[in-house]
Amino acid sequence: MLRLKILIFFLLSVTLLRAQDVSLSGYIKDAANGEALIGATVYIPVLNKGTASNAYGFYSLTVPSGNYSIQVSYIGYTTIQQQIKPTGNQTLSFSMHDDSEQIKEVIVTGEASNANVERIEMGMAKLPIKTIQKLPAFMGEVDIIKSIQLLPGIQSGGEASSGLYVRGGGPDENLMILDEAPVYNASHLMGFFSVFNSNAIKDIQVYKSGIPAEYGGKASAVVDIRQKDGNSKQFGFDGGIGNLSSRLTLEGPIIKEKWSFIVAGRRTYYDVVGKAAGIEELKDNTLYFYDMNGKSNLIINDKNRIYFSGYMGKDAFSLGESLYMKWGNATATARWSHIFGDKLFMNLSAIYSNYDYNLGVPGDNADNFDWSSRIRDYNAKIDFTLFFNPQNTIKFGLNSIYHEFYPGKVETKGDNSMFIDMQLANYHAIELAVYLTNEHKISERFSMQYGLRLSHFQQVGPGKVNLYQNPEKLQKDEITETIEYKNGERIGDAVVHLEPRLGMKFTLNPASSVKVSYNRMVQNLHLITNSQSPSPLDIWLPTSTYIKPLIVDQVSMGYFRNFFNNQWETSVEGYYKDMKNILDYREGAQLFLNDAIETELLHGKGNSKGLELLLRKTQGKYTGWVGYTWSRTMREIEGINNGNPYPSSYDRTHDISVVSNYELNKRWNFAANFIFATGNPTSYPVAKYVVQGNQLYEYSARNSNRIPSYHRLDLSATYDFKKNEHRRFEQSINFSVYNVYGRRNAYSITPRANEDNPNQTEFVRLSIIGSQIPSITYNFKF
C-alpha cells in the first residue's frame, strides 16, 4: 500500500511539474514578402534555451511558465526582442525586417554566425542565393550546380557537365531534389547549364556526410533545393537579359498575406538571334532550352497550409535533317502542412517526377528512326517533426515510390528504313522506406543526432527476366529462357536494408567543436552509361535479378574553428567510404539498345578516402573561401584490370577552389573564381597493330593514366544603379569573363593515325572551351 501511495505521489508530482511548462510555437517570416525564414533562431537568454525554425519557417519551444525576454535572430535581419509572459500554450509568429546596416557588410549566410560550429551535421553546407548571384557566370547565366562544385569534396565532371562527383561517388549517386521531387538529369545545353533557375530558388542545402535519416535512395550526397513561396505582401517581378538567355519572374499575392504565387521562366535565344542575323551554321539547325518554375502557397489558418509547386524544362538540338535530340524534366509537388497541438508538425506530400529524351534522324529516308527513353516516379510521403522538448527534436515518417523505367524504344517511318522497330523490356518497382531520428542535446557541449532508416525495394511486373546457363557468368548467347511477369506480380525477392545514421558534436568552446558521423546509404536506382559525366542519353535501371543494390558506409571526422568573432570560418574534415556492389562495364561493353544489358555489367567493391580543408570569410567588404580536397577513390572488380585495384573514373587527387567577392562601394561589386583539379583518369595505348590496313591499339591498365590537369580563372564585376528612394525599381549590370587566360582544358585525349604519315600515331586533345568567353547581363527587380 505504501508503494502504491509513493507511486501515485510521484506521478502527480510529474504531472504538476509538466503542467507548469508551456509551448511557444509559430512561424518566422520575412516582413517584406512573407517568405518563410529557414534556420531562424528563437532564444530565451535567462533559460539558455532555444530552437531554430524548420524548412517551412515553423518553430516550437517548450519553457516553464513565467516572464521572459525572447530573442528572434536571423543574420541579415534586425533581431527581435520581445517581452512575453506565457501562462499557457501560445502561438507566437514573427515577421523580421532587413537590417540595412548588415546588408552593407555583405554577410553571406542566413544562419547564426557560429552555425558551422554549433550544428550537429558535418559535411553539410548552405549556399545563399545572394552569394551565388554575385559569382562569375558562364554566358551571364548564374548556375547553382556549378556554384556547388566550388565546395570542398565536390568536383565537376568536366567542362560541359553539370554532374557532381561527391567524395568519390558518381553523378548518379546524388539525391537531387526540387521541392522534394527528384531531378534525374540536371543538365541544360549538354551540361553547360543546370535546370535550376536561381531567381526561383530560396534555399540550398548540400549533405556530403552525416546525412539525416529522412533522406535515402542515393549513396553519396543530398542536394535539397527549395523554391520560393511567392510574395504574399505585394506584386513584384525581376529578371535578366544576357548574351545567351533571358529570364523573368513574377510573384505576388492572390489574397494578401494569405495566398501567394510565383512563376519564373527562362529561354535561350541564340538560335532565334543567330538565324535573324543570318548566321549560316544556324540556318537549318536548332539549339535552345527553356524551363518554367511555379509555386502557390495558401495559408488556410494558423494550423494548416497548402503548397503546390512544379517545374518543366526542355532542351532541343538538331542538325538539319541529319540528327535531332530532345530531353527534359517535369516535376510536381502538392503538400499539406498541419500542426497538431503546439509541438507536432506534419507534412503530407504527393510528388511526381519525369525525365525523358528522344534521339533520332527525321524524315522517311533509309536512316530514319526515333529512339525514346523515360524514367517516371509517383511518390507519396508523410513526415512528422515532434518538438518534444528543448533537448529532443524527433523526426519520423514514411515514404512510398512507384518507379517506371522505359530503357529504350525504337520506331521508324515507312518500310525502307535500315532500322527495325524494337522495344527493350520495361521495369517497374516499388520502393518503401520508414525512418526515425532524434536530435538530442545531451549537455551544453555534447549533442547527438541518431536515427534509423528501413528501406524495402521490390521489382514488380509487368516485366521480363532472362535465364542463363551459368547465372554466375552471364553470356548473351547462353540465354535459356525468358520469363514474363504480369502486372503487379513480384519479380524476385525484395531487397530490405537497415540504414543507421549517427552524428555527434562536442563543443570545445563557443568558437570551436569536434564532430564525428557515420551513415549507411543504399541505392537501388542505377545510371547505365559509359561516359564519365551524365548525358541526356543515359538510361536508368532498378536493382533487379542481376543488378545488386549499391551499399555505401561512410565514417567522417572534423574539426571546426572560427576566428575574429565568427568572421572567419575554418574546418578540417576527413572521411573514409566503403562501397559494395559497385557497377562497372566489361571492356568494349555494348550499352546501346541491348536487350540483355546485364551481360555487360560487372559488380565489385571500392573505397574512397579524403581530406577537406576550408577557410572562409563570411563578413565584411571582402568575403569568399578557399577550399582544398585531397582524395583517392579505387575500385576492384573481377573481370576488369585482371582483378587488380584501379582508380575510379571519379578519382581526383587534388582539387582547389578559390572564391572571392569584394564590395568596393554601394555601386560596384567584384568577384573571381579560380579552379584547379587533377585530370580525369584514362587509359592510353601502349602498343599498335596494323591489321588489313586498319590500326588497332592495345591499351594500358584501366585508368592508369590521366589527362592534363584542369584549371581556369573567371572574373566578374557588377554595377548597381542608383536607386530612387521613392521607387521600388532596382537594376544592375553584370560583366563576366569565363576562362580569362583562355586555357584549353582537355575533355578527352584520343589516338589517331597521322594524315601525312599513317604509321605515326598522334594524340588529339578535345577541348570544349578553348578561349575567353565574355558576357554581359542586365538585371532588374521591382
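Strand E21 and strand E22 (residues 304-319) pair in the antiparallel sense over 16 bridges. Strands pair if DSSP finds at least two bridges between them. Strands are DSSP runs of at least two E residues, numbered from the N terminus. A hairpin of 2 residues joins E21 to E22. Asn-301 has Asn-304, in E22, as its bridge partner.

E21 (residues 285-301) also runs antiparallel to strand E20 (residues 259-268), with 9 bridges between them. Here Ile-262 is bridged to Lys-295 of E21.

## Basis of the model

This is a predicted model: local features need pLDDT of at least 70, side-chain atom pairs count only at pLDDT 80 or more, and totals for chains, interfaces and linings use all residues. Residues are numbered from 1 along each chain as its sequence is written, and side-chain values use heavy atoms, with hydrogens and water left out.

Strands E16 (residues 201-207) and E17 (residues 221-227) run antiparallel, joined by 6 bridges. Asp-203 has Arg-226 of E17 as its bridge partner.

## Leu-613

Leu-613 lies in strand E38. The residue is partly exposed, with a relative accessible area of 33%. Partly exposed means between buried (under 20%) and exposed (over 50%), using a 1.4 Å probe and protein chains only.

How values were computed. Helix = DSSP H or I, 4+ residues; strand = E, 2+ residues; numbered from the N terminus.
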